[in-house]
Amino acid sequence: MSITETASPSASAPGVPLIGHWVDGALRPSASGRTAPVYNPATGAVQADVALADQAEIDAAIASAQAGFEVWSGYSIAKRQNVLFAFRELLNSRKGELAAIITAEHGKVVSDSMGEILRGQEVVELATGFPNLIKGAFSENVSTGIDVYSLKQPLGVVGIISPFNFPAMVPMWFFPIAIAAGNAVVLKPSEKDPSAALWLAQLWKEAGLPDGVFTVLQGDKLAVDGLLTSPVVQSISFVGSTPIAQYIYETASKHGKRVQALGGAKNHMLVLPDADLDLVADQAVNAGYGAAGERCMAISVVLAVEPVADELIGKISERIAKLKIGNGAGVDGVEPDMGPLITGAHRDKVASYVDIAEADGATIVVDGRGFTVDDHESGFFFGPTLIDGVPTTSRAYTEEIFGPVLSVVRVSTYDEGLDLINGGQFGNGTAIFTNDGGAARRFQNEVQVGMIGINVPIPVPVAYHSFGGWKQSLFGDAKAYGAHGFDFFTREKAVTSRWIDPATRNDAAHGGINLGF
Ligand code: NAD
């Protein structure tokens with residue numbers, strides 16, 4: 001399936017395909033005349049342009065979704081469930097196609113693209129059991145002849161705005177549950193890797209989802225603002241950087257919408273002196289450099305409780321030396337460990353943080369600046385970087401870098417490490433490595449972070465729990481998927497009904513006049 005096969009040629013660059021929208025169950029070339037480049041990060045080449053919607057396209061997408069909602073919300077539970085099962089089967093059997101699309105636009109290695117699809121598929125599988133999760137409650141005979149029951153109904157048209165780093169998984173945190181619950185979705189993917197969403201849209205069509213229930217609106221701030229302010233759109237699920245998450249939360253709330261807005265992160269791994277340092281070094285490398293550090297649950301700071309820092313830095317450095325960096329699609333069937341960053345601009349921003357750390361007095365133990373890959377000299381590569389002794393006042397410590405940069409910060413006690421974690425602006429994920437169960441238990445109670453790993457570096461909850469951080473990592477009170485997901489995508493009604501038994505239909509049963517409450 002080619003997702004650009006019906007696309008029109010790009011206005012900005014002859015010969016470069018233009019990636020359009022998915023509206024009314026089909027690819028729609030854009031007439032907006034506004035585009036953004038989509039790179040192959042491994043080569044640095046522009047491989048396509050993506051359309052950036054104008055107001056007319058935004059309005060058409062939302063109107064189509066509203067029409068789709070009116071059809072889909074009338075489907076029986078059994079019919080909706082059949083579509084979900086079909087979608088799950090198609091996704092499971094064809095996920096290799098999607099993984100190739102993700103790697104081509106994002107750059108991550110293919111096995112990692114498969115990994116994100118599998119984590120998204122978990123939510124699809126959870127959503128297939130939706131009848132059990134959206135059924136209401138019933139209380140019989142709360143007073144004579146009176147029953148009270150609750151109904152969980154869909155919201156209507158719901159908006160999803162996703163980041164570049166998980167172009168399949170993050171939308172799948174939301175849309176399987178939203179669709180299962182009877183809503184229609186408008187997804188605004190990242191303009192940096194827009195094709196995965198179109199592939200998923202095509203798959204929904206093949207699974208039997210009515211046209212208009214899953215819409216892909218390509219675009220930038222204009223499309224986002226169109227969703228945030230539309231009176232038709234009932235809710236917004238956003239994932240991205242903290243400043244934009246805050247903007248989304250404030251703007252969508254002001255327009256009366258239900259909002260969940262997940263933001264950035266700076267995840268710390270606290271290493272106690274009794275920890276298994278080989279395990280710690282393996283996991284720090286996996287969690288720090290996997291997906292080139294472009295994961296919101298990546299570990300970016302290792303807090304080493306002395307005296308382990310020197311030994312740990314040695315072990316991490318040895319492992320870095322063995323990492324293979326290259327084209328995520330593999331060369332001659334051999335996959336590297338780590339691919340490039342998303343764009344040249346992002347690579348330069350990551351490098352600037354290493355410059356800041358150095359200027360602030362840190363030691364750059366392993367330096368990834370200026371890293372190149374043979375035959376891919378124009379690719380957006382950045383080598384794994386290890387920093388020792390970054391001051392905790394440095395912007396390289398306080399801000400999210402979102403690249404393959406791991407900092408080791410030396411602390412003398414557990415409490416000093418805990419205070420650093422709790423003093424930060426983010427609260428997405430964290431991990432403790434120790435062989436002391438009591439210390440781990442204390443950590444899980446004292447740390448102000450939403451997702452905690454105990455000897456697990458990337459504690460992304462399974463689909464039947466919920467995903468979300470604290471503080472500047474989540475605006476709103478609804479996390480993604482799990483029970484929170486079903487609550488978010490349904491609206492509850494409570495019905496109080498009285499049916500008088502025919503055998504006792506008389507004035508006494510009516511209760512007469514009584515103006516009291
Ligand atoms: P981003 O905030 O730049 O973009 C996210 C989305 O917002 C995109 O669809 C983009 O088009 C849109 N957007 C960007 N600027 C906008 C603006 N000014 N107004 C309206 N919309 C705008 O994020 P990104 O670079 O795509 O993704 C990386 C960020 O996402 C990192 O900060 C990472 O930590 C975060 N992230 C968080 C989680 C989480 O679960 N908390 C998960 C994945 C990624």
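Where does the ligand lie relative to domain 1 and domain 2? The ligand lies between them, because both domains give residues to the shell around it. This is a predicted model.

**The ligand shell**

The ligand is surrounded by 27 residues. Pro163, Gly240, Ser241, Gly264 and Cys296 are the closest. By class, the shell holds 12 nonpolar, 10 polar and five charged residues.

**Two domains**

The chain divides into two domains, each built from two segments.

Taken over C-alpha atoms, the centres of domain 1 and domain 2 are 31 Å apart.

**Helix α3**

Helix α3 covers residues 110-128. Its 19 residues should span 27 Å at 1.5 Å a residue, and its end C-alpha atoms are 27 Å apart, so the two values agree. Buried residues of α3 include Asp112, Glu116, Arg119, Val123 and Leu126. Among the elements covering the buried residues of α3 are α2 (77-106), α4 (130-133) and α5 (169-180).

**The annotated region**

An unreviewed UniProt entry places the feature "domain: Aldehyde dehydrogenase" at residues 31-495. Over residues 31-495, the chain is 41% helix and 22% strand. The end C-alpha atoms of this stretch are 48 Å apart.

Technical notes: Residues are numbered from 1 along each chain as its sequence is written. This is a predicted model: local features need pLDDT of at least 70, side-chain atom pairs count only at pLDDT 80 or more; totals for chains, interfaces and linings use all residues. A residue is near a molecule or strand if its C-beta atom, placed from the backbone, lies within 6 Å of it. Ala, Val, Leu, Ile, Met, Phe, Trp, Tyr, Cys and Pro count as nonpolar, Asp, Glu, Lys and Arg as charged, and the others, Gly among them, as polar. Domain bounds come from an automatic or database domain assignment. Helices (H or I, at least four residues) and strands (E, at least two) are DSSP runs, numbered from the N terminus. The expected span of a helix is 1.5 Å times one less than its number of residues. A residue is buried if 20 or more other C-beta atoms lie within 10 Å of its own, exposed if 12 or fewer, and partly exposed in between; C-beta atoms are placed from the backbone. Two residues are in contact if their C-beta atoms, placed from the backbone, lie within 7 Å. UniProt positions are given in the numbering used here, feature names are shortened, and annotations may be inferred rather than shown by experiment.
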